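Work through the exercises below with the structure open. Each task is followed by its solution.

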Amino acid sequence: MKHLLLAATLLAAAGLAGCSSGTPGVGGANAAMATTGGSAKGDFGPPMGEPVHAILTSPPQVPPPTNRSYPAKVIVELEVIEKEMEISEGVRYTFWTFGGTVPGSFIRVRQGDTVEFHLKNAPDSKMPHNIDLHGVTGPGGGAASSFTAPGHESQFTFKALNQGIYVYHCATAPVGMHIANGMYGLILVEPPEGLPPVDHEYYVMQGDFYTTGKYREKGHQPFDMEKAIDENPTYVLFNGHEGALTGDKALVAGPNQTVRLFVGNGGPNLISSFHVIGEIFDRVQPEGGTHPQENVQTTLIPAGGAAIVEFHTEVPGSYVMVDHSIFRAFNKGALAILKVDGPENKAIYSGKEVDSVYLGDRSEPNLKAVRTAAKAHAAGKLTKDEQVAAGKQLFTGTCSVCHQDNGEGLKGVFPPLAKSDYIAADPKRVVRAILHGLSGKVTVNGTEYNSVMPPMNQLTDDEVANISTYVLNSWGNPGGQVGAQEAAAVRAENPNATQAEH
């Protein structure tokens with residue numbers, strides 16, 4: 001009995017010593033809870049030092065590490081801005097944003113910080129808004145305290161108790177519509193010791209968008225509630241714009257560097273199957289949790305969830321980031337690029353493959369010619385030269401894999417478009433082949449071909465017109481000009497074309 005009492009006394013003394021030490025962890029947290037009425041989760045006591053104004057960054061940039069060994073009072077000021085921006089080349093959409101970007105500004109704090117949050121709603125907004133931060137412990141994640149009318153400001157305070165990467169979003173009714181219009185972002189709550197240093201940190205967030213017009217249909221496109229309820233998005237995008245992270249806006253790194261991606265999924269509906277083609281994630285914190293996985297090829301990120309993925313670059317090239325629900329990548333826009341520039345390492349990989357195979361029209365540095373043609377078309381001033389320039393960029397990603405950049409096709413497999421007697425006999429054959437496909441035997445320039453071209457009727461009428469005009473005016477073909485109305489008329493001949501016969 002005496003031995004038992006002695007053991008109990010020693011255990012109690014050890015426990016008291018742990019609490020009084022203030023060491024971050026269970027003992028330190030319990031001490032703070034006992035003295036301040038706080039929480040055992042991650043309450044390391046009251047704020048210390050002078051208040052800190054949080055550095056907020058626009059995607060894909062990430063604020064610098066907090067580099068603090070103590071909890072602070074952190075002031076976050078975020079403004080809701082409703083603004084019209086491009087969602088794709090020549091396609092406008094009215095986004096509702098946190099900070100003027102989609103996703104919203106990246107917020108970075110430390111576990112144990114006390115966050116004083118100021119939410120402002122711009123005076124020219126049409127709607128009230130609020131914010132629900134998944135990193136908040138409290139009713140509605142802050143939504144109940146932040147309902148803000150246009151021209152007003154709300155303020156509330158919370159303690160960042162749990163480390164991790166968390167989504168925030170608007171939670172004003174109808175909640176789905178606010179999120180679908182771009183009202184989401186990420187807040188990182190660093191562990192007390194911070195994250196291990198890496199060479200690059202980037203902010204990437206997926207979202208699904210619902211427009212009344214079809215994919216890439218030009219002009220201003222309103223939100224479509226019926227499509228949203230049916231979970232049938234027109235676009236699935238990284239960082240709110242098709243091409244936001246491609247071409248001259250691609251993420252960058254060098255060989256032999258470590259890249260950390262904070263990847264979120266705003267939804268509002270779809271789960272993301274996040275994958276980087278040609279890389280393997282060395283480390284993944286799935287759903288932003290504290291227990292990592294290693295050597296992961298593809299990670300699931302639920303709507304309203306996030307993950308931290310890290311990988312080490314070995315060889316140069318263009319690494320394509322996709323939602324591996326793959327039609328979302330190549331037919332709805334969920335595609336981004338990490339460009340790694342530097343010397344090759346042929347012991348690891350023999351050499352760089354052709355970018356256009358994976359990137360489609362995003363292999364171009366930008367789609368300026370497509371944007372120019374779309375503006376000219378909207379103004380009723382579209383010229384043949386503008387169509388040819390736009391058609392060339394679209395052809396590169398849509399048609400060049402089979403027909404080649406020089407229009408010569410593949411001998412014995414795909415017929416040539418260059419100096420084609422088949423096209424010269426009836427120039428409308430170009431439009432029909434694009435929209436309705438082509439299968440069976442055809443003779444081009446004296447050679448018989450028997451292959452299949454699937455219909456490309458996912459292209460809009462102006463895209464079909466521009467590609468056709470480019471083909472007709474290239475490689476010694478007869479010339480001519482195809483308008484969007486002519487493409488629409490050909491489409492109407494067989495509006496349900498989905499697959500050429502094999």
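The model is predicted: local features need pLDDT of at least 70, side-chain atom pairs count only at pLDDT 80 or more, and totals for chains use all residues. Residues are numbered from 1 along each chain as its sequence is written, and side-chain values use heavy atoms, with hydrogens and water left out.

**Exercise 1.** Check the span of helix α8.

Step 1. Helices are DSSP runs of H or I with at least four residues, numbered from the N terminus; α8 covers residues 384–398, which is 15 residues.
Step 2. The expected span is 1.5 Å times one less than the number of residues, so α8 should span 21 Å.
Step 3. The end C-alpha atoms of α8 are 20 Å apart, in agreement with that value.

**Exercise 2.** Decide whether Glu 201 is buried or exposed, and find its polar side-chain partners.

Step 1. Buried means under 20% relative accessible area, exposed over 50%, and partly exposed in between (1.4 Å probe, protein chains only).
Step 2. Glu 201 has 18% relative accessibility, so it counts as buried.
Step 3. A polar contact is a pair of N or O atoms within 3.5 Å; within protein, one must be able to donate a hydrogen and the other to accept it, and residues adjacent in sequence count only if both atoms are side-chain atoms.
Step 4. The Glu 201 side chain makes such contacts with the side chains of Arg 108 at 2.8 Å and Arg 260 at 2.7 Å.

**Exercise 3.** Classify Phe 330 by accessibility.

Step 1. Phe 330 lies in helix α5, residues 327–331.
Step 2. The relative accessible area of Phe 330 is 35%, so Phe 330 is partly exposed.

Key: Helices (H or I, at least four residues) and strands (E, at least two) are DSSP runs, numbered from the N terminus.
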